[in-house]
Amino acid sequence: MKTIAKENIKRMLKTWAEEYNVIAPTKTTQGDCIFDSFQEDTFTLDYTKPPLPPKSSLFPHVEVIFQVENHEFREVVLAHNTILFGIRSCDMMGLLQCASFMTRDREDIYYSAKRERAITVVMACPGPQNETCFCTTTQSGPVAQKGFDILLYDMGDVFIIETGSQRGQELLLPDLIGDMDDAIAGEKIAAFTQKAVQEIPIVHEVTEAMNRLKDGSSDEKVWEYFGRKCIVCGGCTFVCPTCTCFNVYDHERAPGRGIRARTWDACLYGGFTREASGHNPRSTQALRLKRRHEHKLLYYNETDIQGSLSGCVGCGRCSDYCPVHIGALEVVKEIAAK
């Protein structure tokens, strides 16, 4: 198998950046780590789970899909050669689930154009990124099983490289790449994976909650409890790797000129399911919270989940960033406790 020394990673990314928009872990001036366009002086390999999933690279927060000039419509399909470097296994599964949703019934050309030109370089997790990780429970990590172009295993001073596609194979730069005996590499990968799996705890409440939702034995008071707490910020949907809801709007900039755009939306907002008549089938925050979590844990499409457990990939971001602690972990534990 192939290897690359950590000291050569920047050189490889610099070469890639000549032809691709390389999105990589980046240190901000405040000391935080985000994923942004590669810059040699801010790039870092010292990072954990980023605050935002990579879905925004393929499904932007705001995206123009039509332009109108002199009363003539012009479709806008923007896509660039992109490398997503260092994404985690749960986020790789999130990309797979999003791609399935966006193409299952009718292909979303705006999404597909970006996905087809995006190369994924996944960083296998050596253990939990923080206390909210539960990818082993949802079968989405700590090591990606499919979808990646390149998969990196951290062995200290070097990465062992596993390629998952011809594109990934062609990206490797011969002058920076070393070799390792396949048998030795296989043993190291197996030991790495076993240790990572053992260190990330299984959250048994997830399957318990899924079973209770399925057989109708969950307590409806759970949703009333969380509904009273929710401040309707929508943050849980925006940091979620698998949420794909969006709104479409038109904006007239001048007579005969304007745009049609789409922007992320959230099923927790009161207007999300409000009908033209004014009736809202999910008129309370409790019902909206229930629907969001049922979509992840009960009413998911088997094709979309791509072989994982459910529509949740276990990244734990909703638990990390909800100001009032209504993440997936808190919800499943409350359902299981009732």
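1. Strands here count as paired if DSSP finds at least two bridges between them, and the element names are DSSP runs numbered from the N terminus, with helices (H or I) of at least four residues and strands (E) of at least two. Within this pairing, Val121 has Ile150 of S8 as its bridge partner.

2. Before going further, a word on the source: this is a predicted model, in which local features need pLDDT of at least 70 and side-chain atom pairs count only at pLDDT 80 or more, while totals for chains, interfaces and linings use all residues. Residues are numbered from 1 along each chain as its sequence is written, and side-chain values use heavy atoms, with hydrogens and water left out.

3. S7 also pairs with S6, again parallel, through 5 bridges. Here Ile87 stands opposite Val122 of S7. The strand is mostly covered, with 6 of its 6 residues buried (buried is under 20% relative accessible area, exposed over 50% and partly exposed in between, using a 1.4 Å probe and protein chains only). Ala118, Thr120 and Val122 point one way, Ile119, Val121 and Met123 the other, and all are buried.

4. Do look at the largest nonpolar core, which has 31 residues. Such a core is a set of buried Ala, Val, Leu, Ile, Met, Phe, Trp, Tyr and Cys residues joined through side-chain atoms within 4.5 Å. Those with the most contacts inside it are Met92, Leu95, Tyr111, Val122, Leu151 and Tyr153. Two or more residues come from each of S6 (82-87), H2 (89-103), S7 (118-123), S8 (150-154) and H6 (182-199). H2 gives the largest share, 8 residues.

5. Met92 deserves a click of its own. Not counting residues up to four places away in sequence, Met92 touches Ile87, Arg115, Thr120, Val122, Ala144, Lys146, Gly147 and Phe148, where contact means heavy atoms within 4.5 Å.

6. On to H6, whose 18 residues reach 26 Å from first C-alpha to last, close to the 26 Å expected at 1.5 Å a residue; the expected span is 1.5 Å times one less than the number of residues. Its buried residues are Ala185, Ile189, Phe192 and Ala196. At the N-terminal end, Asp181 caps H6, with a side-chain oxygen 3.0 Å from the backbone nitrogen of Ala183.

7. H7 (residues 204-215) has 12 residues and reaches 17 Å, close to the expected 16 Å. Val206, Ala209, Met210, Arg212 and Leu213 are buried in this helix. These cover an arc of only 165 degrees around the axis, which puts them on the same side of H7. They pack against H4 (135-138), H8 (221-229), H10 and H12 (328-337). His204, Lys214 and Asp215 are exposed on the other side, and just after the helix Gly216 takes a positive phi of about 80 degrees.

8. Finally, Ser310 sits in the loop between H10 (285-297) and H11 (317-321). Leaving aside neighbours within four places in sequence, Ser310 is in contact with Gln97, Met210, Lys296, Leu297, Tyr300 and Ile305.

Notes. A polar contact is a pair of N or O atoms within 3.5 Å; within protein, one must be able to donate a hydrogen and the other to accept it, and residues adjacent in sequence count only if both atoms are side-chain atoms. The arc is that of the directions from the helix axis to the C-beta atoms.
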